[in-house]
Amino acid sequence: ACSALARLFSYPSKDEAALYTNDDSFVYLYNLMAEALLTDENLALLYEATISESSCAPDERAQRMRHVFTQLFYSPHAPIPLEGRYWIRRKPSDPLARLGEEASVRESYRCVGVHVRSGVVEKACALPTELDFVAYLLTQEISCSCAGDGAQALAWKQRRRTFCRQHMVDFGTAVSEAI
């Protein structure tokens, strides 16, 4: 689930944007809204958006989606930046406050032997990167548990919980509320 969310919040490639904006995706979204029992007004708005968007060429729909992603999440003054450094505010007495969010997250990665690949433009404290890291921690925890190594599984679980408490909970809540 964490990897899927990381993918969802990553900047979509042209192919991904085309996939997310095709007619099947619109029908799927429309059905999700209907199952969630959203008001008729919301369904009407989605229907209007679907009709107007479906009259566009697929490339144009994909380009519009990438444009919206840029405006919402990635522009210099985006209303919903996807970097923890914009959302996490620490008390001055918190040891992590001295490091800063970006450095603190990088330190968490370093402690388990993980680093952001060279050439990646997203910061270590970007939501997709942090979600991928939590997915990694979960994978390690499950792997140790399946191998019968309960002590190591517990150690991975504690790392995951600490990371989530220190970085993900407030960050995820802030982004969710902003959206």
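Before I start, one definition: a residue counts as buried when its relative accessible area is under 20%, and as exposed when that value is over 50%. Please also keep in mind that what we are looking at is a predicted model.

Let me begin with the cysteines. C144 has a relative accessibility of 14%, so it falls under the 20% limit and counts as buried. C146, by contrast, reaches 69% and therefore counts as exposed. Now, how many disulfides does the structure hold? The number is 0. As a reminder, a disulfide is a covalent bond between the sulfur atoms of two cysteines. For C144, the closest cysteine sulfur is the one in C146, and because those two sulfurs are 9.5 Å apart, they are too far from each other for a bond.

Next I would like to turn to E130, which sits in helix α8, a helix that covers residues 127-146. Is E130 buried or exposed? With a relative accessible area of 0%, E130 is buried. Leaving aside residues up to four places away in sequence, E130 touches several residues, among them E101, Y109, C125, H167 and M168.

Finally, M168 and C125 are 43 residues apart along the chain, and their C-alpha atoms are separated by 9.5 Å.

Technical notes
Residues are numbered from 1 along each chain as its sequence is written. This is a predicted model: local features need pLDDT of at least 70, side-chain atom pairs count only at pLDDT 80 or more; totals for chains, interfaces and linings use all residues. Side-chain values use heavy atoms; hydrogens and water are left out. A disulfide is a pair of cysteine sulfur atoms within 2.5 Å. Buried means under 20% relative accessible area, exposed over 50%, partly exposed in between (1.4 Å probe, protein chains only). Helices (H or I, at least four residues) and strands (E, at least two) are DSSP runs, numbered from the N terminus. Contact means heavy atoms within 4.5 Å.
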